[in-house]
Protein chains: 2
Amino acid sequence: MRIRLVQMEVAPGRPAENTRRILEHVAAARRDGIALAAFSEMVIPGYLLGDEWERPAFLRDCETCGERVREASAGLTVVFGNVGIDWHKRNEDGRARKYDALFVAEDGRFIGPEGSPYPFAIKTLMPNYREFDDSRHFYDLRKLAFELGRDVRQLLAPVVTRCGRLGAVLCEDGWDGDYALSPLRILAEKGVDLFVNASCSPFTLNKNHKRNRVFAAAAKALGRPLCYVNNTGIQNNGKTVFTFDGSSCVYDGEGGQVEGPAAFTEGVLDVTIPPGGGRFGRPVTLHDDDTAMTARALLYGMERFMKACGVQRVVVGASGGIDSALVAALYARLLPAGDLVLVNMPSRYNSATTVNLARELAANLGCGYAEIPIEDSVRLTRSQIDGLTVTWAGGATRRLELGEALLENVQARDRSGRVLAAVAAAVGGVFTCNANKAEMTVGYTTLYGDLGGYLAAIADLWKGDVYAVARHVNREIHGRDVIPEGSFRVVPSAELSPAQAVDEGKGDPLVYPYHDCLFRSWVEAWNRATPEDNLEWYMAGTLETRLGYAGSVGDLFAGPEAFIADLERWWTQYQGLGVAKRIQAPPVLAVKRRAFGFDHREAQMGPRYTERYQVLRRQALKTP
Amino acid sequence: MRIRLVQMEVAPGRPAENTRRILEHVAAARRDGIALAAFSEMVIPGYLLGDEWERPAFLRDCETCGERVREASAGLTVVFGNVGIDWHKRNEDGRARKYDALFVAEDGRFIGPEGSPYPFAIKTLMPNYREFDDSRHFYDLRKLAFELGRDVRQLLAPVVTRCGRLGAVLCEDGWDGDYALSPLRILAEKGVDLFVNASCSPFTLNKNHKRNRVFAAAAKALGRPLCYVNNTGIQNNGKTVFTFDGSSCVYDGEGGQVEGPAAFTEGVLDVTIPPGGGRFGRPVTLHDDDTAMTARALLYGMERFMKACGVQRVVVGASGGIDSALVAALYARLLPAGDLVLVNMPSRYNSATTVNLARELAANLGCGYAEIPIEDSVRLTRSQIDGLTVTWAGGATRRLELGEALLENVQARDRSGRVLAAVAAAVGGVFTCNANKAEMTVGYTTLYGDLGGYLAAIADLWKGDVYAVARHVNREIHGRDVIPEGSFRVVPSAELSPAQAVDEGKGDPLVYPYHDCLFRSWVEAWNRATPEDNLEWYMAGTLETRLGYAGSVGDLFAGPEAFIADLERWWTQYQGLGVAKRIQAPPVLAVKRRAFGFDHREAQMGPRYTERYQVLRRQALKTP
């Protein structure tokens, strides 16, 4: 039996557009003598759509589109994801009943699982972690079973098709490790010839590694082939933009694998399933994703996001540092040189070193370049505000002072809010946010300044990742050192005051190799660490191991006072102003677990320390 | 039997702080001879905390605090909400098992429901709509029953205390209309003397009306008194700030009610429950919330949010229009006049009319005032960008143009990103965002300009609401016309170009009385409308009724062309740039259903129209 997995790019929220392409694929599959063509989860509506599901008009469109696919299924079996709607029942929010559903169409009719009340299979396990909101929108099979007074094991049943008994499941149904039931196992017990797991699974660094391990083991344990079909494209939840790599493949019944189209590429995978479904693939190779994969995800996400927003020209504020250089070098791969403009905006604190690096970068990329000094504007702002008299009705007055420290933020806002926004408007484009994940974590950015921009493309990369990806971009993407060596070597600095003079080796207050690791323990660890944990590790002498920090903490901090002062400084920023800034930050392009935004939800509650932290702190500092 | 409901202000994320206050209340209740003291849901940790639940150190703190309340329960029954943790089991996300739990402590020990595996009652129904994310963090009783292979009806059981058989439930458990089971009814069948519904229920306009109706009916149907105990304070989910009004009360077994402390006020309600629990309250009065209640919620939320963020001084950009005037008048009630500064920032397009109104407002409020013209800065920006030459490595150049249209946004950004941010920094305070809900809906604001600010306090008010609340603030809050009559009468205008000259009656392109209603159908209707619905209503002649628009649509639009052009113009803005702007907008103070942010989640997908809309459009325009 010849089957085809269709790895298709899905346009979120555009059912008619997706359906047009599905129908083309169905026609091609029929021409090619395919018995079964499988599409991804929610291939008609898209999946990460915010609250789009609350619009009945949108749901009706999805339903109509699904009917069109059913009508086109003459002569073959078509498996595809869509929203399954029961207009006569209600979701728990009182709106129309919606299921995350897998439809199987054959010869113009839908076939539901044996004994199912609906002509479609229903997602049983609902991810409600990270960026997912499944239970917000969809009624799961467990709830349906309860409502019907039946056992969910009764409702989980194979779909009997001309191609055999299909175990039709959706994404999380295959990731059952932490659930009280295993849909795959229940289905297998009822006799399944072939499993289809239709997914809409966002790319996350190293997720494919884990999926290959889990899914290959499941196929082997159940002794049946398992088709994994995932879409490409991008989808977002407002604050966070996710890429979809596809990586569709078939796991055979002995745990082997037939790989499909390349990651982030549309295409189909045709496989002939031998009778019995035993070994027909190659051994699964497990490997972590590398820097190349990070760069691919970034480029793919940036390119698709520009397209989705209709962006055709991009302005990058180029400081000479590594972050803006990486951003510029990435956009240079995605845009004609005529549509990319770098702007350097020196103030009195900017060194010739960095201005020259920005100029060199632009020359290397062949893109547009301009220098727009901000000195006059900052002086004007200072002259308007510093010394300004505010008056009260009763005659009281107050003279405002705008000192050096405040002028640092004035400079940052002048660059983005005044210059870059105006230049972007003048060229008919957008400007970028070049913040990295370490800066975003502790709000080491200025609101309406360098935190502005239409997309924060590298805000899910730690500073160390930025350097690694930048090296890769030079070596493999551009094939030459477009990012000047000086940008790798210059000390990271905001250059907003004499205390940040790069030529004197002065720069950011962050020791990135260490702070990257510390912040990762707060943000990315599945069970997130807090100062209580960090201090406990420090006192136990296990901090380096726990953080994965290659250096020695003893070299950074003379003793517990210094360690604690640094810990509390950054924790206060992470929990305090950092949150306020992230609330107004641009969308973040996600590449790893816990990208800021919808994958890392947070409340503005100010810095907080646990009671046990206070105890440990007193112990460490030997204070009463 | 004397019981006490404790309506306490909860500090989210601060278990030790909340527990200190709980213990004071417990001691007082014992002194006062109270038999049973009930606190709200999650009174120890707080409830809307983002992903704080992913930190084991935080969970341990909550657990320790709960033990302290248990130890303090000698001689009385204490009912309180906390997170119930089972460190030996996992949630479906692989993290520690967490329940939204109601603890009953008596004489130093916890009492669980009869036959329960845990010494606490577990929330059965999980809200996953609006701002709620319950299933993201908590395992519900239905899942537990499934895991244990038991019927959830077995696990739902009264807690047998010295005070009788308690039906201990949490918030949503009492709102069972759209669920497949009713916890209250199941408990009642097992014999309950008194129901306690501990809630952490954010204020939403008219929610108390609905709750009084639903809860009084439930108490009557079950023939048992029902205590509703809710907290005060504010909690947020980053993008959206929610107030909690408390409104704790007791419903008697015949549907009467004993009201508790005033809304938004801490306090206790002592009630003597007569044997049998029949009628002891007054008839429930049902009424919608009025403008006064909106104003109270705003003032309460603004006051608490300032406190939570440590804000002591506020700068308001005062344009002379109604929005900024209302914001200033509200802050004037919350801050000493010395800590409130109004800044008017005229450009060449600002009329003497509005500048005078701003000045008059400041005089009326007795707050600080300054005029900071932006003309020089805008000219400087223009001179730097307009005509600037961008050069390419190959020698190509492009001359930038910064025309009149683009200068509108330059002005707006200059005001907030340059002037207000610097003034706020100079006074050691923050500046405000004065956008209303109509502007936020269609992005009729400038990013890094008037959309900036630390809080968007009136962004959940339609323009009509702004006028109504402003009238109320003059009449009832200040007792005199602090907001000048001229601000009510001047045409709403951004005054950014000659096309917006207020003295010529020119202003915003929005007809607020109509567009408020249209946008509400898109944003606030539970089943949200789209242009498909709007056009259908228009064609059927029912648009005014459907929208609740008091005027005639025929007076606004000459025919379907004009109607459709307007509809598509604003829908495109709402779905397009409006989303991009909201992603970077300040936190919104919520007062009604569907405040922007976490209560109205959205993806950036560009404007989209359903297929049926296209059909209706062709019919309406008589095009093929």
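Student: Leaving aside its neighbours within four places in sequence, which residues is Thr265(B) in contact with, and how do you know?

Tutor: Keep in mind that this is a predicted model. Contact here asks for C-beta atoms within 7 Å. Once the neighbours within four places are set aside, Thr265(B) is in contact with Thr232(B) and Gly246(B).

Student: Where does Thr265(B) sit in the chain?

Tutor: You'll find Thr265(B) in the loop between β14 (256–259) and β15 (267–272) of chain B. As for His600(B), 335 residues apart from Thr265(B) along the chain, the two C-alpha atoms are separated by 28 Å.

Student: What makes Thr265(B) count as partly exposed?

Tutor: The cut-offs are 20 or more C-beta atoms within 10 Å for buried and 12 or fewer for exposed. Thr265(B) has 14 C-beta neighbours inside 10 Å, so it counts as partly exposed.

Student: What about Met42(A): what is its phi, and why is it called buried?

Tutor: The phi of Met42(A) is positive, about 50°, although the residue is not a glycine. Met42(A) belongs to the loop between β2 (36–38) and α2 (56–71) of chain A. With 31 other C-beta atoms within 10 Å, Met42(A) is buried.

Student: Back to chain B. Why is strand β1 of chain B called largely enclosed?

Tutor: Five of the six residues of β1 (residues 2–7) of chain B are buried, so the strand is largely enclosed by the rest of the structure.

Student: Which strands does β1(B) pair with, and how do you know?

Tutor: Pairing needs at least two bridges. β1(B) has six bridges with β15(B), in the antiparallel sense, and three with β2 (residues 36–38) of chain B, in the parallel sense. Both pass the cut-off. On the β15(B) side, Arg2(B) stands opposite Thr272(B). On the β2(B) side, Ile3(B) has Leu36(B) as its bridge partner.

Student: How does the chain get from β1(B) to β2(B)?

Tutor: The path goes through helix α1 (residues 15–31) of chain B, and this β-α-β crossover is right-handed.

Student: Over in chain A, why is helix α17 called largely enclosed?

Tutor: Seven of the 10 residues of α17 (residues 531–540) of chain A are buried, so the rest of the structure largely encloses the helix. Among them are Pro531(A), Leu535(A) and Tyr538(A).

Student: What do the buried residues of α17(A) pack against?

Tutor: Within chain A, they pack against α16 (512–523), α18 (543–547), α19 (553–556), α20 (560–575) and α22 (611–621). They also pack against α2 (56–71) of chain B. After α17(A) comes Gly541(A), whose phi is positive, near 75°.

Student: How do you know that chain A as a whole agrees with a compact globule?

Tutor: Set the values side by side. With 624 residues, a compact globule would have a radius of gyration near 25 Å; chain A has 27 Å, which agrees. Along its principal axes the C-alpha trace of chain A spans about 80 × 65 × 60 Å. Of the residues of chain A, 61% count as buried.

Student: How do you know that the copies meet through the same surface?

Tutor: Of the interface residues of chain B, 100% are also interface residues in chain A, so the copies meet through the same surface. The contact takes 103 residues from chain B and 103 residues from chain A. On the chain B side, helix α12 (residues 404–427) gives the largest share, 13 residues. By class, that side has 45 nonpolar, 27 polar and 31 charged residues.

Conventions:
Residues are numbered from 1 along each chain as its sequence is written. Chains are lettered from A and ligands numbered from 1 in the order in which they are written. This is a predicted model: local features need pLDDT of at least 70, side-chain atom pairs count only at pLDDT 80 or more; totals for chains, interfaces and linings use all residues. Two residues are in contact if their C-beta atoms, placed from the backbone, lie within 7 Å. Helices (H or I, at least four residues) and strands (E, at least two) are DSSP runs, numbered from the N terminus. Ala, Val, Leu, Ile, Met, Phe, Trp, Tyr, Cys and Pro count as nonpolar, Asp, Glu, Lys and Arg as charged, and the others, Gly among them, as polar. The radius of gyration is taken over C-alpha atoms; the globule rule is 2.2 Å times the number of residues to the power 0.38. A crossover is right-handed if, with the strands pointing away from the viewer, the path from the first strand over the helix to the second runs clockwise.
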